[in-house]
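Here are a few quick notes to read alongside the model. Have it open while you go through them.

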Amino acid sequence: MSSTVISNIATLVTNDPSLGDSPLGPVRDAAVVIEGDRVVWTGESSKAPATDNRVDAGGRAVLPGFVDSHSHLVFAGDRTEEFNARMSGRAYSAGGIRTTVAATRAAGDGELEANLTRFLDEALRQGTTTFETKSGYGLTVEDEARALRLAARHTDEVTYLGAHIVAPEYAEDPAGYVALVTGEMLDACAPHARWIDVFCEKGAFDGDQARAILTAGKAKGLHPRVHANQLSYGPGVQLAVELDAASADHCTHLTDADVDALANSRTVATLLPGAEFSTRAEWPDARRLIDAGATVALSTDCNPGSSFTSSVPFCVALAVRDMGMTPDEAVWSATAGGAAALRRTDIGRLTPGAYADLVLLDAPSHVHLAYRPGVPLVAGVWRRGVRRV
């Protein structure tokens, strides 16, 4: 395997908490050495070992690739009219998902996969090197299974979300739909997924339904994730902690008991500021969660209805501006935090043994992601040791 050193790095974010006072583990005037698809060395540039190849970072910052641990990328159509109406005063509700369900069912596999790869390329150009994505816009056995098959061609982090909403055909029989989701649909989908998710919310699934769905998924070897407490107070967070879910996602409406439960568990609170931005909803209180000791991740929630952005840098800027996070906390949450939400230790950090997933910024510091919002600062992206951007 050939080796490459990236040197003359103004600030290297390692996410190694043993390096200094910041959990980012920053190294100044740094270098990182890649061999194959892994990081094998980090440190001061002047001490870097000899390698086969050399890249001059030119005094720019390097950080781990972003880990987008919550997205919905297998779909067809868009919801421009819904967004326009919402920005004109109509409230957001879970019901709009049905529009995307109809378009997705009508689309062929080629169209769905072309859309998926387009969004993945878009995200890669903005520094995302690992992503999770879900089904949830088919809501039939065949459509859910094909969504997962398509997603699994592009990522290992695939989530079965048959329980996004009750399928239109079962509007008068939600119990029948839960039986489908936990039975025939689960059997067809489990071989293609790692995770199972449920939208635990008014207008979607209540706590008892969500528990039944997640428990059935666990019995098939799928690990839980939960759409929790997005639109209102509810049982989602407590259920996520009870079932040792990897993440409770959204976490906008939390009681003190919810915060305490997250802080005393392995369940990551994944915050999705793109959704609040696009629905003019109340912002999650990241400061409250962090101060309580909860682990926080940041993700895009890229989907056509409530958060049609693939930009983690945009979400970092929103989190700093409107959710009480410092720039260091936001960058950690978008990298190491996302890795924690996927129960991964081989991504989200730049330390020996981790995958060589790196982002080169056209700036001397990661702080510029929040300091210069909306500016295309990503100057280079390496994924698994190969430069892709």
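1. First, the ground rules. This is a predicted model, where local features need pLDDT of at least 70, side-chain atom pairs count only at pLDDT 80 or more, and totals for chains, interfaces and linings use all residues. Numbering starts from 1 along each chain as its sequence is written, and side-chain values use heavy atoms, with hydrogens and water left out.

2. Take a look at helix 5 (residues 174-182) and helix 7 (residues 207-219): their axes are 9 Å apart, at an angle of about 15°. That makes helix 5 roughly parallel to helix 7 (angles under 35 degrees count as such). The helices are DSSP runs (H or I, at least four residues), while strands are runs of E, at least two.

3. Who touches whom here? On the helix 5 side, P174, V178, V181 and T182 meet Q209, A212, I213 and A216 of helix 7 (contact means heavy atoms within 4.5 Å). By class, this contact has six nonpolar, two polar and no charged residues.

4. Now the largest pocket, with about 360 Å³ of space. Its lining has 17 residues, and L120, T129, F131, H154 and R383 lie nearest the centre. Helix 3 gives the most to this lining, with five residues. The lining of the largest pocket divides into four nonpolar, six polar and seven charged residues.

5. The second largest pocket has a volume of about 200 Å³. It is lined by 14 residues, with Q126, S311, P313, V375 and P376 closest to its centre. Its lining has eight nonpolar, four polar and two charged residues.

6. On terms: a pocket is an open set of points on a 1 Å grid where a 1.4 Å probe fits, with protein on both sides within 12 Å along at least five of seven lines, and lining residues have an atom within 4 Å of a point.

Conventions. Axes are lines fitted to C-alpha atoms, for helices over the stretch in contact, and angles run from 0 to 180 degrees between N-to-C directions. Angles under 35 degrees count as roughly parallel, over 145 as roughly antiparallel, 65 to 115 as roughly perpendicular and the rest as oblique. Ala, Val, Leu, Ile, Met, Phe, Trp, Tyr, Cys and Pro count as nonpolar, Asp, Glu, Lys and Arg as charged, and the others, Gly among them, as polar. Grid points are joined across faces, edges and corners, and a volume is the space filled by probe spheres set on the points.
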